[in-house]
Amino acid sequence: MNTIPPIEKVLVANRGEIAIRLCRGVQEEGKRAVAIYESPDAESRHLRIADEAVWIGPGPRKDYLDIDRIIWAARKSGAQAVHPGYGFLAENPQFAAACEEAGLIFIGPSAATIQDLGDKTISRRLAEEAGLPTIPGSGILPPGGDGKRAAVEFGAKYGYPVMLKAVAGGGGRGIRKVDSEKELLSQIEIAKNEAVSAFGDGRLYLEKGIVNPRHIEVQILGDQHGNVIHMGGRNCSIQRRHQKLVEIAPSLLDPALEEKICQSAIQYAKHVGYVNAGTVEFLVDSDDSFYFLEINTRLQVEHTVTEVVTGIDIVRRMIRVAEGKKLDVTQDEVFCRGFAIEMRINAEDPKQDFAPESGKHVAVYNSPGGPGIRLDGMAYQGYTIPTEYDSLLVKLTVYGFRWEEAVSRLSRALKNYRIVGPKTTIPFYRKLVLEPEFASGSFDTGYLERHPELYDYSDQEAQEAKVAKLLSAIHYHGKNIFAE
Amino acid sequence: MSIRITPGSDVKEALKAIRGSDSYFVTNTARDLSQSDFKNRILAHTDILVAPEREAAGYFSLEITGGASVHVDMLRKQINPFERLQLLRSLMPNTMFQTLCRGVNLFGYRPYPENVLRLTVKEFAKYVEVWRVFDFLNHVPNMIPVFEEVQRAGKFLEATVCFSTGPEHTDEFYVKKVGEILDVTGPDILLALKNHSGLGTPQRIGQLVSSLLDAYPDLIIHYHGHNTDGNDIGRIIAAVQAGAKIIDAADHAMTGFFGPPPLLTVLDLLDDMGYKAEGINRDAVIATSDKLKQERPAYAVFESQFKGFDPTVHTHKLPGGAMGSSFEQAVKGGFLGRMNEILMKELPRVHKELGNYWSVTPGSQILWTTAVTHTLSGKRYVNASEDLKRLLLERYGPFPFYRPADDIYEAAFGPDWKTIVERDSGIEECPPVDLEAEQAELEKALGRPADIEELVLYLQHPRDAVNFLKFEEEYGKTYVLPPSVWLRQGGFDAEEVVTFADHTGKHHSITFASTQELQDGSQLNYLYVDHHLEPFHHYPEASQGQAGPKKELTQAEIASLAEMGEVRAPMTGVVAQISLEVDQKISEGDTLLVLEAMKMLNSLDAAIAGVVSEVAVTEGQQVAKGDLLVRVRPLRSKDASE
C-alpha cells in the first residue's frame, strides 16, 4: 500500500473555477497541472494557470464527459493522477474505474465507494446501519403504473409535500418538491426524463418533505490508513430551487448540535470505510432533529469556507491521500475559528429568474481585495460568458472572526466589486447582506421565498463611470442634451 | 473697524449696525447676472471656482439663488438647488446668501398653495439669509406667507417695492406702499427698491429714496437696478447719495448689457466721492474677475446675439431677464424684423392699456406675449392667453392704478364677459396640497424614499424634479464638470483627456479611446476611465425598438401572456420534449412542453384551460427567452359546458 510512486503530474479533468482551484493545489504540492479543454473553452483562464493543456475535442460538454477521451489526454500528457473536481465525471464510478484500469490514480474515493454511495437507496441503508436518523422514504419506485401507485400510497401515508428524487442526482439536481397527488403524477415522467438526460439513470424515489429545514453538511476527509476526520459543518440553507447560492462555515447551529451532527458524519464515514474528501449532508428541522440526507463523494463547490475557517487545504490533502500518505491532521487539530461566507457570483439576472447572461462580454472586471477576501474565479476583462457551460464567474469567500465582521466584510467586498457587461448576482447579494434576517444569521431553506423584496435592488455603479457615461452621451449627441 | 454681517447674525443687531454705519454695503448679484445676460446658464462649477475670492471680497450678501435659477438648476444644469447652496456654503462660511422670491409665485410663474409656500421657504431658509420678496402687482397680501416664514426662520426679510415710471408712479404712491408693508412686517426689515428694467433717471431715483427716508427715517433701502440703458451706475450713485444703504452690482468680467452694472466701477466712483463701501476688499473683487475672464468664453453661446446697451428700454420697459429671451424668440419665430414695432409701439400701448403695472415676472411675460400676438396676428386681445385672462380677472391681485377698458374684456372673453368677470374675478384661492400624498407620488416615481428637500423641489416643478433626480441616479454628480465639457458642442476629439475631481474629492481621468458607428445606427464608444477601458453604447432614440436593442419581455409579461393563451419561453434553452399537438384539449396545469436550460429540465404548464391552436416549435429547437412556443385558445365557460 505504501508502494505508490509519487505523483509528478496531475490531469485536472474539469473546467472553469474549480479547474483553477485544482491547478493551484497541484502546483503548491510541487507537481505539474495538466488542463483539458473543449473548443469553446480555448480562451478559458484555467488553461493559463495550468502548466500544460490538452485539447480534447470540439465539445461542448460531451468531451468533458467522455471518459475515453480524458484517459487518452492523461496518457498523452504523462500524468499519473486525475482530479475530477465537481460536476461532469466527478461522481461517475465508471470514470474512477477506468482511471484505475488505466493505471492512473483517481483523486477521490474508490469506484466502488462512488458506486454505492451515489446510489441514494444504498447510501441510505448504510446510514441506517451506521445508526443515523433518515427521512422516511419510499425506496426505488418501480417503473410505469406500479411506481405511480406506490408513489401515491407514500404520499397518502406521510402527507405532502414529498420530495421526488433521482437516484443518481445530487448537488441540488434531480430533486423536486411535490405538493399534491396530481402534481406528483404529472412530475414523475418529467423527473424521469430529466434524470435520464442528466445522469443516464432514470430511477426515482420519494422522501417525506421537511418544510423549510436548515441544510447542514459536514466535510470529511479520510486516508487509506483508516483515519477519518471531520472539518466542521457548513450551512447551505440559502438556496434557490435547491441550488445553493450562499454557503457558510461553520453551521451557525448550536455548537452541541453541530458536534452531534459531525459525529454522525464520522460514524457514517467509518462505517463505509470512506477514503479521501467527501461531504455528508443533513437536514435539520425546526425542532433541531436532524436527518441524514446524502453523501457527496467529491470536492464541493463550497469547500472554500471550510478551508478558510479551519486553515486546512482540502485539495492538497486529497492529493496526498491519493498518494497513500497518512493524514497529517488529527481531529484534535481541527478548529473552526471565526466565520466564512461564500457567495456564488454568477452571470445571471436575478430579476429575470436568474436567467443566464450567456454570450455577454465582460467589459470591466474589478475585484475586491484586502483582509479576509478569497476569490476563486475565472472571469477577467474580455471574458465572454459561455452559452455552453454554467454561468459561475467567481466564488467570493470572506472571513470574519465574528459573524458580524464576516457580514460587514462581505458587504464591503460586494460594494468594491465591479463587473460591467453581463448582469450578475452582485447587486442582489448587496441587498441580501443588508437584510436583517440574513445579517442575524438565522435562516432556513425558505429564506429566499420569504424575501421577495431582495429582488427589488438597483444596479449602482461607481461614480467615475457614471460621469464617463455622460461624457460618452455628449459625444454621441454632439452636445449635452441635459443642458438644453 | 468695518462691519461684516455673517450668517447666523442676529437680525435686529445687524440692522442696527447697518443703520449706524455712515457707509454703504454691496450685494454681488451673481444670480441676476446669470439670468439677465447668460440666459441663466452660469454653472455651479463657475460659482464654486470663484467662491474663495467672493468670500474674501466682503459683500453684504451674494445673490446666488432664487428667480428662475431653482428651475434651471434642475432643468439645464442637473444640480440639486439645495446641494448647490450647501456646496457654496461650505466654501463661503462668512458670506450671507440672498435669494429673489416672487412672493406667492415663489421661484415659479403661478401661485402656490400656502402650505407649499411655507414649507419651501422654511427649507430654503436653512441656507439663505437674505430674502428679497416681491410681487409684480406690489400687492402686499401676496407676500405675507413668505414674509412670515422668513421672519419666523430668523432671516433677513427684504420686502420689496417694484419700481416703474409713468404718471401713476409717484413718490406718494410708493411711500404709501412702503407703509402698507411696514404695517405687516414691523420695522425690522430691509426694503428693496427693485428697478428691474433700469428705469428713471438718477435724479428720479435719488428723489424717491429721499422721499421714502423722509417718511421712514429708519428704513434701510437696498437699491437694485439693471444697466440696460448703460446708466444704472448713475442711479446707484444717486441712491447712495440720497441715503440708500445697500446697492447691487456684479463682477465686471461677466457683466453684459441687460443685467447688473460692474461692481468695481461703482466702488471706485463712490470712493472718489467720499463713500466707502463697508468691508469690501477691492483686491478680492479684482481677483474674482481675473478668474471669471477665463470662464466667460465657454458661455459665449448664451450671451445675447445683439450686443450693446438699449436706452429704448425707457419706452418698452422690458426687464433685464426678458431681453435676451425675447430676441431669441424673435429669431426662432422669424419676427426679428418686427421687433422695433413690437418693442416701441405695441408693447408700450399694451402696458398702458393693461394698467401700467410693473413689468416683471410673471407680468412682463404677459405684456410681451400679448404684444407679440397683437403684432403678428393684427388682432388685439381676441386671442387672449390664459395668463392674460387671469390678469384681467385679477386672479393675481388687483390692478394697482386702474382697470383695463371694457372693450378689452369684451375682446378677451366674448359677449358674456360681464358674467364671466362677475363670476370669476378675485384672487385665486389655492387649496392646500396633501403633502404626504405628494411625497408618496414622488417616491413612487423615483422608486426610493425621498427626503424633504427633494419633496420641496418636486412641489415646485414635479416633472423636472423627477427627471433631474433620475438623471443624477444615472450619471452621478455632474456639477464637477467645467463649462467647456458640460456645454461641449460637437463631441470630443480622439484621445482627448477630461480630468476632474469628483464630489468626494477624487481625481479622475477620462480619455476618449475610440468611436465606432455600428450598422444599426448605434454608436459604441470606448473610454479609458481612470486608465481602465470601458464601453458605452448609445442607440438612436427615434428608431428604438426597430434598430435599437431588442426589448426583452419580463417574466411578468411572459406570465400575463400565458394567461391569455400565448405561451412564451421563460428562459433561453432547448425544447426537450413536446407533449401535445394542435387541436388537443388541455386543462390548467397540464404540462405543455419541457424546456432544457442550463442542464435543467423545466416543465411549462398550462396557465389556462383551452385548445392548442398552434405549436410554434419542434423538439430539439433552440429558443430565446420570450419566443413564442405554443398558442392556446382559451376555453370560455360557454364552451366548457358544451
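What share of the contacts in chain B with a separation of 6 or more comes from residues 24 or more positions apart? The share is 71%, where two residues are in contact if their C-beta atoms, placed from the backbone, lie within 7 Å. Welcome to a predicted model, in which local features need pLDDT of at least 70, side-chain atom pairs count only at pLDDT 80 or more, and totals for chains, interfaces and linings use all residues. Residues are numbered from 1 along each chain as its sequence is written, while chains are lettered from A and ligands numbered from 1 in the order in which they are written.

**Chain B as a whole**

- Chain B holds 26 helices and 20 strands; helices (H or I, at least four residues) and strands (E, at least two) are DSSP runs, numbered from the N terminus.
- The C-alpha trace of chain B spans about 100 × 70 × 50 Å along its principal axes.
- Chain B is assigned domain 1 (11–302), domain 2 (313–424), domain 3 (490–551) and domain 4 (555–641), with bounds from an automatic or database domain assignment.
- Between the C-alpha centres of domain 2 and domain 4 of chain B there are 65 Å.

**Where the chains meet**

- On this interface, 43 residues of chain B are in contact with 35 residues of chain A.
- Elements giving two or more residues to chain B's side include helix H23 (462–475) and strand E12 (532–538) of chain B.
- E12(B) provides the largest share of that side, 5 residues.
- Chain B's side divides into 18 nonpolar, 17 polar and 8 charged residues (Ala, Val, Leu, Ile, Met, Phe, Trp, Tyr, Cys and Pro count as nonpolar, Asp, Glu, Lys and Arg as charged, and the others, Gly among them, as polar).

**Backbone details to look for**

- His531(B) sits in the loop between E11 and E12 of chain B, has a positive phi near 75 degrees although not a glycine, and counts as exposed because it has 8 C-beta neighbours inside 10 Å.
- Asn276(A), in strand E13 (residues 276–284) of chain A, also has a positive phi, near 80 degrees, and counts as buried because it has 24 C-beta neighbours inside 10 Å.
- A cis peptide bond runs from Gly59(A) to Pro60(A), with omega near -10 degrees.
- Thr361(B) and Pro362(B) are joined by a cis peptide bond, with omega about -5 degrees.

Conventions
Buried ≥ 20, exposed ≤ 12 C-beta atoms within 10 Å, placed from the backbone.
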